[in-house]
Amino acid sequence: MHVTTLTTNFASPRGKPRAFPLGQYTLVKGRNAGGKSSLVSTPLRLAVSGSTDDVAGRDDVRDPQLLSQFLSMTSGELYAHATFDGGGQAAWGTVRQPDGTVKHPLHEPAAGVDPERALPLRAIRAALLGDE
């Protein structure tokens, strides 16, 4: 099972959604600091597992205040939706409150999808670093 489409407004200057079609294997390339992780890895992990890695040097990030750095200045909403080849969907989202705080995120996992099998990046990294 794999994600076929990621729809998100992460790192969007005006908070407008963008859809990324994904295959079973998808290569994302671009220059250093070009936003590859901000556009694909972070929202994809959030949609599928409800947390992400490598935000403020931390792993397994769920803290809405840390994730608020991805909020557009013109949009108070931040979201990521993933569609799987079997038709299942997963979603993650949060909203900036009028007082500037960020609401606790809502995560809706896809039924029957194991996030670690769908996105085994943490397990691969742990194996490469000798943590497992």
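Colleague: Where does G112 lie?

Modeller: G112 sits in the loop that runs between strand 5 and helix 3. Keep in mind that we're looking at a predicted model.

Colleague: What makes G112 exposed?

Modeller: Its relative accessible area comes out at 84%. The cut-off for exposed is over 50%, so G112 counts as exposed.

Colleague: How far apart are the C-alpha atoms of G112 and G88?

Modeller: They are separated by 8.3 Å, although the two residues are 24 apart along the chain.

Colleague: And S49, why is that one called buried?

Modeller: S49 has a relative accessibility of 11%. Buried means under 20%, so S49 qualifies. You'll find S49 in helix 1.

Colleague: What does the side chain of S49 reach?

Modeller: The backbone oxygen of S51, at 3.0 Å.

Colleague: Which residue takes a positive phi in the hairpin of strand 3 and strand 4?

Modeller: That's G87, with a phi near 95 degrees; the hairpin has four residues between its strands.

Colleague: How do you know that strand 4 also pairs with strand 5?

Modeller: Three bridges link strand 4 and strand 5, residues 106–108, in the antiparallel sense. At least two are needed, so this counts as a pair too. The bridge partner of G93 is L106 in strand 5, while A91 has E108 as its partner there.

Colleague: What about strand 1 and strand 3, how many bridges join them?

Modeller: Five, with strand 1 (residues 3–8) running antiparallel to strand 3. One detail here is T5, whose bridge partner in strand 3 is T83.

Colleague: So what is the order of the strands in the open sheet?

Modeller: The five strands go 2-1-3-4-5, with antiparallel pairing. Strand 2 (18–21) and strand 5 are at the edges because each has a single partner strand, which leaves one side of each without a neighbour in the sheet. On average, neighbouring strands of this sheet are turned by 10 degrees against each other, ignoring direction.

Colleague: Why is strand 4 called largely enclosed?

Modeller: Count the buried residues: five of the seven in strand 4, residues 89–95, are buried, so the rest of the structure largely encloses this strand.

Colleague: Now the largest pocket. How much space lies in it?

Modeller: About 490 Å³. The lining of this pocket is made by 19 residues, and Q24, T26, L44, A118 and L119 lie nearest the centre.

Colleague: Which helices each supply at least two residues of that lining?

Modeller: Helix 1 (36–49), helix 3 (115–118) and helix 4 (121–129). Helix 1 gives the largest share, with four residues.

Colleague: How does the lining of the largest pocket divide into nonpolar, polar and charged?

Modeller: There are 12 nonpolar residues, five polar ones and two charged ones.

Note on methods:
Residues are numbered from 1 along each chain as its sequence is written. This is a predicted model: local features need pLDDT of at least 70, side-chain atom pairs count only at pLDDT 80 or more; totals for chains, interfaces and linings use all residues. Side-chain values use heavy atoms; hydrogens and water are left out. On a 1 Å grid over the protein atoms alone, a cavity is a set of points where a 1.4 Å probe fits but cannot get out, and a pocket is an open set with protein on both sides within 12 Å along at least five of seven lines; lining residues have an atom within 4 Å of a point. Grid points are joined across faces, edges and corners, and a volume is the space filled by probe spheres set on the points. Ala, Val, Leu, Ile, Met, Phe, Trp, Tyr, Cys and Pro count as nonpolar, Asp, Glu, Lys and Arg as charged, and the others, Gly among them, as polar. Buried means under 20% relative accessible area, exposed over 50%, partly exposed in between (1.4 Å probe, protein chains only). Axes are lines fitted to C-alpha atoms, for helices over the stretch in contact, and angles run from 0 to 180 degrees between N-to-C directions. A polar contact is a pair of N or O atoms within 3.5 Å; within protein, one must be able to donate a hydrogen and the other to accept it, and residues adjacent in sequence count only if both atoms are side-chain atoms.
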